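Here are a few notes from my look through this one, as promised.

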Amino acid sequence: MLLQSRIKFFSLIFLFFPLIFSSCHTPARAQTRLTPPRSVRELRLDDISTHIETDPLRAIHLLEVFDILYGPDSVLPGTYDAETGEWLAGLREDAVSGIVSAQGKAIEEKRWEDAASLARSLSVLGISVEHTGDEPFLILELAKEQLNDGNNLSAFLSAARSHVLNPLGFDDAFLFLQKAFDLGQRRTAAFFFEIIDNLGRAGDIPQSLSNYAQGRDTPSEMVRGVATVWVERGVRIEQGRGIPDRSLGSAFFIDGSGLLITNYHVISSEVDPTYRGVSRLFIRMGDFASPRIPARVVGWDIAMDLALLKVEITPEYVFSVIDWAVPTVGDTIFAIGSPVGLERTVTQGIVSALGRRFLQIGDVIQIDAAVNQGNSGGPIIDMSGRLVGVVYAGIVHFQGLNFAVPAERLAAALPAMIAGGKAERPWLGLSLSETPTGAEIIYVAPFTPAAEQQIREGAIIKSINGEEIKAAQGALIPALQDSLFHLRPGELISLELSDGEGNLTNHIIRLAGRPIVPMAEAAQRDSRERITAPLFGIVLAPQAGTSFFSSYRVNSVVRGSIADEAGISANDSLSIRSFRILERDGIALLDINVKKRTMSYLETSMRLPALLDTPDTL
């Protein structure tokens, strides 16, 4: 009986518990249901307010987005009034104050790179930083601090960067000249001596420094600064046989602490998170009888196919990365490296062409010096011993067609690699085409800074940070990429656009981090109809059709693109049968049916292949 009574008691408790619980929470739930939902506009304003404290640079970007969507000239009338305008002005003022405070704190803590980055963003906003120090001053302070700390390579790079922004004075140039002399780096000394000579004060320095800076290193000295790179990847099985799996390349010293430059593709297995096999990295300084010295990867830049290595030895020779040469077609050059493992091989040739577009960012130099497997990562020098570039690729089965990353871009890429890990590059989210009227935007990738600010295809880039980018035909897009290259993700830039009818718009945009392969990521997020523009050069518009597949009209074709080479032209009729991304192979395949005007609209089937690693992105 007692047990049955207890069962009945607990049954009653469980029966009435939901009613009791519900009655306790019913008013709160009712209140929630009665609260009107918040608009997207209000949520955006709250997001901006939150970022004022945590990330004022992002807040500025979001204020620009809000103005585009809800401002007085927006497509949503009636959502902007005087009160909203005053509130937004206050938020902008608070965000700018936050950036100024962050820069002041960075200077106080002697975080010169952060301070310089914030100075660039403030300059975009029209805020003077003369009272705290502009970018050239801050970079020079960084160079002096790096020199005191023994970070000589970083110090020389920072001093050279400061000189580009604002020419060095005698005392500062002499400071770095003396250090280069003490380290035995002749070409670096020559760079700072030239600054002093241009000031007309070469006679104010000791004759020993002057003679040293004006001297010349011999090729026999330079080869002692070049190493063979070995990457052991164990054994691979081919046709039932075990074959040693090795990667062979070259590298050259750029600092007395044991830092070397090579190609990323030579050492990729050391840092690629998708690689699952064995990988051991060594260098060798002599012939096959020389010991193999363990090395490690410090930093790498996939977009530039460069990597920075470190070994615990003192090199016999160090190449200068600030006294580099800008070559012209026909200049005599020398390549130093280890073709097929033959160490310290020097070959001679000329600069065959400039402006070849094979990398994601910038262009490369074409050379005809004999270069083979194993030369990748080795230096290219001119007849004065100045660095011209870094060998990075050749075309198999075509001797004499070889390429090098320009030394100028190596110098620009180094600070990010020295910082360690994968170099982060800035990204707007645009794909461009060079036209007679300028750099035309043919594609805006989704979920990027440009997409957030409603930038449209067809606009022409007029200026970046108030500076009109001018370049020779075929070099405009690399010049635009160079204007962003030294900036950090997270910084602000101003982008002036023209709609082609004389109407100009200016955008203040916060840069994002560049994806490893931008178009591979965009292809995963966007429709196949839109991705045809950056990958294949076909700008499409939908049209009515009777076929099983969706039909499109070709609006335009990018000159020199895959579609252009395939004979596709504007106003052709086209349907997409399939689209595939082979990310492991780095290609995209587009199967289409096309009715060409030039062929009396006779329908043909075509397969168009495209590299995902397209170079025309910003």
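**Notes on a sheet and some salt bridges**

1. Leucine 497 sits across from threonine 505 in β20. Bear in mind that this is a predicted model. Seven bridges hold β19 and β20 together, and the two strands run antiparallel. In their hairpin, five residues lie between the strands, and glycine 500 there adopts a positive phi near 90°.

2. How buried is strand β19 (492-498)? Six of its seven residues are buried, so the rest of the structure largely encloses this strand.

3. On to charges: the structure has 29 salt bridges. One of them pairs arginine 161 with glutamate 135, with 3.8 Å between the closest N and O atoms. Arginine 161 is in helix α7 (152-165) and glutamate 135 in helix α6 (135-148), so the pair ties together parts 26 residues apart in sequence. Arginine 161 is partly exposed at 26% relative accessibility, whereas glutamate 135 is buried at 13%.

4. Glutamate 316 and arginine 224 also form a salt bridge, at 3.1 Å from N to O. This pair links distant parts of the chain, 92 residues apart: glutamate 316 is in the loop between β7 and β8, and arginine 224 in the loop between α11 and β1. Glutamate 316 is exposed, with a relative accessible area of 58%; arginine 224 is partly exposed, at 29%.

5. Take a look at arginine 425 and aspartate 301 too, a salt bridge whose closest N and O atoms are 2.7 Å apart. The partners are 124 residues apart, with arginine 425 in the loop between β14 and β15 and aspartate 301 in strand β6 (296-301). Are these two buried or exposed? Arginine 425 counts as buried at 6% relative accessibility, and aspartate 301 counts as buried at 1%.

6. Last one: a network of salt bridges links Glu109, Arg111, Asp114 and Arg488.

Notes: Residues numbered from 1 in each chain as written. Predicted model: local features only at pLDDT ≥ 70, side-chain atom pairs only at ≥ 80, totals over all residues. Heavy atoms only, no water. Buried < 20%, exposed > 50% of the residue type's maximum accessible area, 1.4 Å probe, protein only. Helix = DSSP H or I, 4+ residues; strand = E, 2+ residues; numbered from the N terminus. Pairing = 2+ DSSP bridges. Salt bridge = Lys/Arg side-chain N within 4 Å of Asp/Glu carboxyl O.
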